[in-house]
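Please read this briefing alongside the sequence and the structure.

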Number of protein chains: 4
Amino acid sequence: MTMTSPAADPHDALTRLSGTLMRLSAVIEQRRAGDPSTSYVAKLTAKGGDAVLKKVGEEATELVMAAKDGAKDRIVAETADLWFHSLLVLSMHGLSAADVLAELARREGESGLEEFAKRPATKEMTP
Amino acid sequence: MTMTSPAADPHDALTRLSGTLMRLSAVIEQRRAGDPSTSYVAKLTAKGGDAVLKKVGEEATELVMAAKDGAKDRIVAETADLWFHSLLVLSMHGLSAADVLAELARREGESGLEEFAKRPATKEMTP
Amino acid sequence: MTMTSPAADPHDALTRLSGTLMRLSAVIEQRRAGDPSTSYVAKLTAKGGDAVLKKVGEEATELVMAAKDGAKDRIVAETADLWFHSLLVLSMHGLSAADVLAELARREGESGLEEFAKRPATKEMTP
Amino acid sequence: MTMTSPAADPHDALTRLSGTLMRLSAVIEQRRAGDPSTSYVAKLTAKGGDAVLKKVGEEATELVMAAKDGAKDRIVAETADLWFHSLLVLSMHGLSAADVLAELARREGESGLEEFAKRPATKEMTP
């Protein structure tokens, strides 16, 4: 039994890791309507959209500070917080991680990521 | 052969989508040392860490505005921008998407996501 | 003549400095409808409210980075940018520096600034 | 004597309002070393620089949300919060409102505010 556990196979472990955001998106979707006294997701959801968006601004600021400090552990933790709260924003608008991953994959497919080079530049030029 | 292309198999399509952040992380890593005249990643990297962090603050603000407008397309696009630029921050500190996904998976494993409920509360109580 | 110039009298210099935000608020109000090709205020206004708000997020991030670096010159410059762009937000909503100064003076008067101590705490407690 | 109280004279009222930020800066300077159990300024200062900067990011996000809602009362209150916390950042770096007002007055004097038009454009062009 232990020999066939997911963690034992490096390929399976990688697949499992890759799926984290989509699993998390599904869990958030379930928890949103849960009990605010036991679930952070339900509690924050109950406070309304602005409370969640405020967390996005807050976590972005914390990521900036962690990066300025060059503190790798905090960079990882704050990015995790930032992604987590953006998943919650997505969920509150009927969206999920898959929508964002599909958008990133689309850009990647179109241009081998070079769309990233063009888009912001264009953005600057067209007010 | 074209009949069995990855996109034709829903399972493969999902696996491919799941791997987007890790592939993107690898591409960013390669591009960072590239030609600033053709690569957005190389150009932004050349401007230094603050330029990338400024983008994080900017994209977080744009996500907040898109969410306030309830504009789904922009919510997806701005979240994609935010995640993309946080991947770039990770890369500049020798980190990658896998580190953040592992952190999120760790929290998920420990507590079925309930660590998310406890952590911020604790954070508020311990200055 | 030069002996009675405003700068010659420390009290007048202080009064003039104190009035900076209100003067600036009035100038912004005039410039908003100006020529976008010569006025930064008119140009940014023409881009719409989101462009101005994006600058608020951007300048806040730059202030955070300047403070993390302990770079006094940049802390002053970025705070000036942040205040300037918040004056522009006020102006776009029919408000001015006087409204914000009156609010700060009101809090000061009520509690000798102690309202600042109570308000955020209360905010945390009432979702 | 009470008949000539400052509030009775519109000119004095204006002068008093104008001086709000500088008075507030002085009060913050005094309170920083105060008792964290009674003073918000002392309590936040005791948490360290990052706690104050996090508030800057948070209040900027709240100003953005208030402006998106077109809620004038909240725009004023959030701008007051944002300015207040930036005064605290200044204080922690040995600076005060006067430094920022002097910088804004300097830009105003140099160019009739037109420096604001040129500076950001230049900033975009020089990475």
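Between chain D and chain C there are five salt bridges, a salt bridge being a side-chain nitrogen of Lys or Arg within 4 Å of a carboxyl oxygen of Asp or Glu. The model is predicted, so local features need pLDDT of at least 70 and side-chain atom pairs count only at pLDDT 80 or more, while totals for chains, interfaces and linings use all residues. Residues are numbered from 1 along each chain as its sequence is written, and chains are lettered from A in the order in which they are written.

- One salt bridge joins the side chains of Lys68(D) and Asp50(C), at 2.7 Å from N to O.
- Helices, taken as DSSP runs of H or I with at least four residues, contribute to the side of chain D that touches chain C, and among those supplying at least two residues each are α1 (10-18), α4 and α7 (115-125).
- The largest share of that side, 14 residues, is supplied by α5(D).
- The contact, meaning heavy atoms within 4.5 Å, draws 64 residues from chain D and 64 residues from chain C.

**Helix α4 of chain D**
- The 21 residues of α4(D), residues 49-69, should span 30 Å at 1.5 Å a residue, and because the end C-alpha atoms are 31 Å apart, the two values agree; the expected span is 1.5 Å times one less than the number of residues.
- This helix, α4(D), is mostly covered, with 17 of its 21 residues buried, that is, under 20% relative accessible area with a 1.4 Å probe and protein chains only.
- Following α4(D) is Gly70(D), with a positive phi near 60 degrees.

Terms used: Heavy atoms only, no water. Buried < 20%, exposed > 50% of the residue type's maximum accessible area, 1.4 Å probe, protein only.
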